[in-house]
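Please look at the sequence and the structure below before reading on.

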Amino acid sequence: MKSLFKWIAIVFIGLIVLGIIATIQEKTDDKEALERLNKQTQSIKNCVETLGNGVHKDQSLSWKLDNCNASK
């Protein structure tokens, strides 16, 4: 019985660590996308804003920039 609890605890801690790593990676991606947005022309920024208000509002900023043909 102790062995079962030990394995459950190990899995739980592993999931927490994976969640933290995923959050850190997401913040890095967001920062890079914002820097990329700031380098774009006003027409690209307008395109990204338009996509952000429509059915694609849940897509990432990187996706919107790619679909507006923004430079990298």
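**Charge, fold and core**

The protein chain carries 10 positive and 8 negative side chains, and 7 Å separates the centres of the two sets. The model is predicted.

**Fold and overall shape**

- The protein chain contains three helices and zero strands.
- Along the sequence, these elements follow the pattern α-α-α.
- The radius of gyration of the protein chain is 19 Å, well over the 11 Å that the globule rule gives for 72 residues, so the chain is more spread out than a compact globule.
- Taken along the principal axes, the box filled by the C-alpha atoms is roughly 65 × 25 × 15 Å.

**Surface and contacts**

- Among the 72 residues of the protein chain, 15% count as buried.
- Of the contacts in the protein chain with a separation of 6 or more, 49% are between residues 24 or more positions apart.

**Nonpolar core**

- The largest nonpolar core has seven residues in all: Leu37, Ile44, Val48, Leu51, Leu65, Cys68 and Ala70.
- Helix α2, which spans residues 42–53, gives the most to this core, contributing three residues.
- Ala70, one of the core residues, touches Arg36, Gln40, Ile44 and Leu65, when residues up to four places away in sequence are not counted.

Definitions and conventions
Residues are numbered from 1 along each chain as its sequence is written. This is a predicted model: local features need pLDDT of at least 70, side-chain atom pairs count only at pLDDT 80 or more; totals for chains, interfaces and linings use all residues. Side-chain values use heavy atoms; hydrogens and water are left out. Helices (H or I, at least four residues) and strands (E, at least two) are DSSP runs, numbered from the N terminus. The radius of gyration is taken over C-alpha atoms; the globule rule is 2.2 Å times the number of residues to the power 0.38. Buried means under 20% relative accessible area, exposed over 50%, partly exposed in between (1.4 Å probe, protein chains only). Contact means heavy atoms within 4.5 Å. Lys and Arg count as positive and Asp and Glu as negative; His and the chain ends are not counted. The place of a charge is taken as NZ of Lys, CZ of Arg, CG of Asp or CD of Glu. A nonpolar core is a set of buried Ala, Val, Leu, Ile, Met, Phe, Trp, Tyr and Cys residues joined through side-chain atoms within 4.5 Å.
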